[in-house]
Amino acid sequence: MLHLAIDEPKSFQLLSPTTIGEALSIAAEHGRDFSYLAGGCDLVDQLKHQLTMPRTVINLKQIAELRGIDKRADRVRIGALTKLAEIERDDELAPSLAALVQSAGRVATPQIRNMGTVGGNLLQDSRCPYYRRAWYCYRKGGMVCDAHHGINVEHAIFGGARCYTVTPSDLAPVIVALDGLVHVRGAGGTRTLRAEKLFVSPDENILAMHRLRKDEILTAVELPLRSARRSAFIKYAQRNAGDFSRASVAAALNIENGRVRDCRIVLGGVATVPWRSGAAERAIEGSPLSSERIEAAARAAADLAEPLAHNGFKVGLVRKLVREALTQLSV
Amino acid sequence: MHGYAAWMWTALRSMALPRRRGALAMPGISDFHRDDPFRNPLFAKVLRSPFAHAEVAAIDASEARKLPGYRGMVTAADEPDIHGDRRLLNRKARYCPMKVHPSAEQLARRLSKDGGLVGLGHYVWNPSTQAWGAAFAEVEVDMETGIVRVLRYVSGHDVGRLIYRRGAEAQVHGGAIMGMGFGLTEALIVDPNTHIPINGSYIGLGPMTALDYPEITPIMVESPAASGPYGAKGLGENPVFNAAPAIANAIYNASGVRIEEIPFTWDRVFERLRAAGRLAA
């Protein structure tokens, strides 16, 4: 009998290793027919809609070495299984990594923040409705993007190339803005990626949102702590809770002698990857955070946007976000 | 068999039901009710109140009696058992679809005897029995993005007699939140090319959360009506209806553009602002 049930996963076996090495060896046994489970917020949804149908699910929740926030003098190492709610409630992180704490607190709803993990948030799959539902899009191996000429309210205004989905993660622009490092472990050993390099644009690989290989596990995110580094995160969603961002911004900068140094302005929800706006950074770098320079940076950020039929509002939203974030950092 | 497959099977089976008249219709032997040769046809008009639950004060049939060809009229007074419960029909207009058969038979018998135009009239309607309400919204429209935020919301309702104040106010709160979601975020979005809904699940449905709506101020107005218990009137759905129109008017007042279609989403408001040349660039 053809199995056409909706909202019901195909049966799978659940394995719960207690070390990363054990998880990797189980993965090696199952070839490509498995999925890693962390918080489950994205994976269980995908299993239920039969978007992925692995025969084996490897539960990483029992692995202690993936947990915990390790605070050193010059850096913070956040285990991939750390819950978003733990970051949100961490008072020690708040002054030095303001943007991270703000973004963790803006993800979805309190229930999801108690379930969702840092690693899962960074590696979650596209939320494009045309990908998640009945259309046979490029990202599923198809040959048309119905979102491009459909209702593309939540789609990309930067860097769209056949696929116009946006990065759904709220932490992604933040770890890019804070110069984070991503630690990964796979069958071939460990490697470390710069946060920017974790994400893949559709013109490079339209089937993937991130650069991890099938067997690799994101073990931790490492963020440098720099004295006097200011950062901010702002997100606009259709509703103030429970929605993915229509657009968000993470900004980080130092102020030396009244002038901006080392500015990072990264936009979320406007491109398939966290979109670092070099034009906005150049507009504000080396100058004081005056309202004229902030306005110039806001305009530069939205300058080369290519909106689709229904997401023209994102151009104004990018300007608004950059303006608000820099204004917040100027006081 | 699960969900969709079972549904498909049922649908296919129901399509295969035999049509008995089909065989006669093919060679043109069958007759249809439209082909019946009516001689001296009778025309009847069934009259019902345009307002559900309205108190029917009187039935004014004077105009009907003046019409050419008028033959007779059946009112509640003529048919004591027309709906089983005479009081219902006499005083209040109600939906009563299940009990219509015996009275329809009586009506048909009477028509076959007398013939002719039976009746035309209208209810004399007592407006004091209706529950009225008004909503007031103060909004902020971002002229750069089309984002609409409701800052304050006041909803006033005529409840007849206020019996339980906190319950009534909670009803207004709930209705206002639903109505604002109806006006601003909630919609079934259908892909224009494939006609498949793109948000056919709880994700993307968009009912408002506690972080989205503003302070809601309910106002209760009492004007007791004879129709309800202790003079009370209905306050069920009323608080929902006027939220979206109030927001639409407030958007017009704030930004100068009329949005004709709910919900007033960012992209829709943005598009109207752009078309009107009012976009802040």
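How are H6(B) and H8(B) oriented to each other? In this predicted model, local features need pLDDT of at least 70 and side-chain atom pairs count only at pLDDT 80 or more, whereas totals for chains, interfaces and linings use all residues. Residues are numbered from 1 along each chain as its sequence is written, and chains are lettered from A and ligands numbered from 1 in the order in which they are written.

The axes of helix H6 (residues 165-184) and helix H8 (residues 243-255) of chain B come within 7 Å and cross at roughly 55 degrees. Here axes are lines fitted to C-alpha atoms, for helices over the stretch in contact, and angles run from 0 to 180 degrees between N-to-C directions. Helices (H or I, at least four residues) and strands (E, at least two) are DSSP runs, numbered from the N terminus. H6(B) and H8(B) are therefore oblique to each other; angles under 35 degrees count as roughly parallel, over 145 as roughly antiparallel, 65 to 115 as roughly perpendicular and the rest as oblique. The crossing of this pair, H6(B) and H8(B), is right-handed. A crossing is right-handed if the near helix is turned clockwise from the far one by less than a right angle, and left-handed if anticlockwise.

On the H6(B) side, B:Ala176, B:Gly179, B:Met180, B:Phe182, B:Gly183 and B:Leu184 meet B:Ala243, B:Ala244 and B:Ile247 of H8(B). Two residues are in contact if their C-beta atoms, placed from the backbone, lie within 7 Å. The residues of the contact of H6(B) with H8(B) comprise 7 nonpolar, 2 polar and no charged. In this division Ala, Val, Leu, Ile, Met, Phe, Trp, Tyr, Cys and Pro count as nonpolar, Asp, Glu, Lys and Arg as charged, and the others, Gly among them, as polar.

Chain B as a whole has 9 helices and 5 strands, which follow the pattern α-α-β-α-α-α-β-β-β-α-β-α-α-α along the sequence. Of its 281 residues, 25% count as buried. A residue is buried if 20 or more other C-beta atoms lie within 10 Å of its own, exposed if 12 or fewer, and partly exposed in between, with C-beta atoms placed from the backbone. Among contacts in chain B between residues at least 6 apart in sequence, 73% join residues at least 24 apart. The loop between H8 and helix H9 (266-275) of chain B holds B:Pro263, and the peptide bond from B:Ile262 to B:Pro263 is cis, with omega near -10 degrees.

In chain A, helix H12 (residues 291-301) has A:Ile294, A:Ala297, A:Ala298, A:Ala300 and A:Ala301 buried. They cover an arc of only 165 degrees around the axis, which puts them on the same side of H12(A); the arc is that of the directions from the helix axis to the C-beta atoms. The cover over the buried residues of H12(A) includes strand E11 (259-268), helix H11 (278-284) and helix H13 (313-330) of chain A.

H12(A) and H13(A) pack at an angle of about 145 degrees, with their axes 8 Å apart, and H12(A) passes H13(A) in a right-handed crossing. From H12(A), the contact draws on A:Ile294, A:Glu295, A:Ala297, A:Ala298, A:Arg299 and A:Ala301, and from H13(A) on A:Val318, A:Arg319, A:Val322, A:Arg323, A:Leu326 and A:Thr327. The residues of this contact of H12(A) with H13(A) divide into 7 nonpolar, 1 polar and 4 charged.

The contact between the chains takes 27 residues from chain A and 27 residues from chain B. On the side of chain A that touches chain B, helix H8 (129-132) and H13 of chain A are the elements that give two or more residues. The largest share of that side, 5 residues, comes from H13(A). The side of chain A that touches chain B comprises 13 nonpolar, 9 polar and 5 charged residues.

Most residues other than glycine have a negative phi, and most peptide bonds are trans. A:Ala228, in the loop between strand E8 (217-224) and strand E9 (229-237) of chain A, has a positive phi near 65 degrees. With 10 C-beta neighbours inside 10 Å, A:Ala228 counts as exposed. A:Asp262, in strand E11 of chain A, has a positive phi near 55 degrees, and with 14 C-beta neighbours inside 10 Å it counts as partly exposed.
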